[in-house]
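Keep the model open in your viewer and follow the stops below. Each stop says what to select and what is there.

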Amino acid sequence: MSEALQSLLDLLDLERIEENIFRGRSRSAVVPRVFGGQVAAQALVAAGRTVPEDRLAHSLHAYFLRIGDPGAPIVYSVDRIRDGRSFTTRRVVAVQHGQPIFHLSASFQAYEEGMEHQAPMPPAPDPETLPTAAELLPLYADVFTDAEVVERILEARESVDLRYVDAPPYGTVGEPREPRSQVWFRTNGKLADDPLLHVVLATYVSDMTLLDSILLAHGRGGWVTGDVVGASLDHAMWFHRPFRADEWLLYDQESPSASGGRGLGQARIYTQDGRLAISVIQEGVVRVPR
């Protein structure tokens with residue numbers, strides 16, 4: 001396991017303060033605020049630690065309420081909404097400086113057999129043939145507003161091997177493209193067999209690139225180039241089938257709409273052998289600076 005991945009796992013390993021209250025550390029993201037994927041992942045950890053081990057996360061719905069302060073801890077309060085025969089529901093509120101910054105509802109289900117069908121996996125190249133972040137990012141260093149952006153992105157993604165199938169938004173600034181984007185990802189090291197851990201890591205990564213397709217439709221490079229400002233508003237995920245976050249996953253993303261200063265991203269995450277593992281939807285603020 002890489003040192004960076006161990007650091008991420010330590011970040012997600014919350015301290016239990018009371019039966020339903022947990023505390024997590026924070027760290028800076030590429031921009032000077034707490035990365036939304038970190039808060040979502042930590043909130044899911046808090047919820048999962050109040051649920052029987054035989055119940056697996058099958059969905060989450062979340063709202064990002066305020067920008068998180070990377071210099072302060074985050075307190076997660078879990079409300080045990082329901083413990084049914086098949087389903088368990090939890091609500092989590094993340095608080096900093098006395099104010100809620102994030103709200104999560106998550107549902108867990110005991111395993112059962114059922115009907116099976118899925119959307120087919122779209123074509124995508126072998127991830128091993130694609131450039132790594134360390135190979136790709138320096139090629140676009142001249143389009144970033146801050147010379148240190150490359151180092152900050154690489155540092156933020158040391159724990160995850162994330163590879164773009166086509167050029168990222170900052171690679172084709174000024175050239176509108178079809179609002180679709182694909183990336184392959186996996187953790188930089190093997191994980192334990194705990195199913196919740198793999199769901200949590202996928203939740204963490206899911207917030208990294210989902211709004212890319214919105215930027216592509218308008219030829220915008222994104223927050224790292226300074227031609228757009230924005231933030232995640234809400235986030236929803238459905239976990240359909242077992243998967244491992246330490247094995248290659250295809251994140252197939254698209255944007256059906258942008259209007260009113262907001263953009264919608266939706267995606268499907270497939271295992272390398274073609275199983276539909278996760279569906280994701282996120283809306284974000286996407287504004288052109290005045």
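**Stop 1: the sheet**

Start with the strands, shown as a cartoon. Twelve of them form an open sheet in the order E1-E2-E4-E5-E6-E3-E9-E12-E11-E10-E8-E7, and the pairing is antiparallel. Strand E1 (15-18) and strand E7 (160-164) stand at the edges with a single partner strand each, so one side of each has no neighbour in the sheet. From one strand to the next, the twist averages 25 degrees.

Some ground rules before moving on. This is a predicted model, in which local features need pLDDT of at least 70 and side-chain atom pairs count only at pLDDT 80 or more, while totals for chains, interfaces and linings use all residues. Residues are numbered from 1 along each chain as its sequence is written, and side-chain values use heavy atoms, with hydrogens and water left out. Helices (H or I, at least four residues) and strands (E, at least two) are DSSP runs, numbered from the N terminus. Two strands pair if DSSP finds at least two bridges between them. Axes are lines fitted to C-alpha atoms, for helices over the stretch in contact, and angles run from 0 to 180 degrees between N-to-C directions.

**Stop 2**

Select E7 and strand E8 (residues 180-187). Five bridges join the two, which run antiparallel. Find Asp 161: Arg 186 in E8 stands opposite.

E8 and E10 pair over six bridges, in the antiparallel sense. Here Arg 180 stands opposite Glu 254 in E10.

Next comes strand E11 (residues 262-271), which pairs with E10 in the antiparallel sense over nine bridges. The two strands form a hairpin with two residues between them. Look at Gly 260 in the turn: its phi is positive, about 60 degrees. Ser 259 has Arg 262 in E11 as its bridge partner.

**Stop 3: Ser 255**

(Buried means under 20% relative accessible area, exposed over 50%, partly exposed in between, with a 1.4 Å probe and protein chains only.)

Which backbone oxygen lies 2.7 Å from a polar atom of the side chain of Ser 255? The backbone oxygen of Leu 264 does. The backbone oxygen of Ser 257 lies 3.4 Å from a polar atom of that side chain. Leaving aside neighbours within four places in sequence, Ser 255 is in contact (heavy atoms within 4.5 Å) with Pro 179, Ser 213, Ile 214 and Leu 264.

**Stop 4: the loop between E7 and E8**

Select Thr 172 in this loop. Thr 172 counts as buried, at 14% relative accessibility. Beyond its neighbours within four places in sequence, Thr 172 is in contact with Ala 167, Arg 177, Leu 216 and Gly 219.

**Stop 5: two helices**

Show helix H1 (residues 3-12) and helix H5 (residues 195-209). They pack at an angle of about 100 degrees, with axes 12 Å apart. That makes H1 roughly perpendicular to H5; angles under 35 degrees count as roughly parallel, over 145 as roughly antiparallel, 65 to 115 as roughly perpendicular and the rest as oblique. Leu 8, Leu 9 and Leu 12 of H1 meet Leu 197, Val 200, Leu 201 and Tyr 204 of H5. These divide into seven nonpolar, no polar and no charged residues. (Ala, Val, Leu, Ile, Met, Phe, Trp, Tyr, Cys and Pro count as nonpolar, Asp, Glu, Lys and Arg as charged, and the others, Gly among them, as polar.)

Stay on H5. Of its 15 residues, 13 are buried. Asp 194 caps the N-terminal end: a side-chain oxygen lies 3.1 Å from the backbone nitrogen of Leu 196.

**Stop 6: Asp 207**

Asp 207 is also in H5. At 12% relative accessibility, Asp 207 counts as buried. A polar contact of 2.7 Å joins its side chain to that of Gln 282. (A polar contact is a pair of N or O atoms within 3.5 Å; within protein, one must be able to donate a hydrogen and the other to accept it, and residues adjacent in sequence count only if both atoms are side-chain atoms.) Asp 207 and Gln 282 are 75 residues apart along the chain, with C-alpha atoms separated by 8.4 Å.

**Stop 7: His 240**

Finish in the loop between strand E9 (229-239) and E10, at His 240. His 240 is partly exposed, with a relative accessible area of 39%. Its side chain and that of Ser 279 are joined by a polar contact of 2.7 Å.
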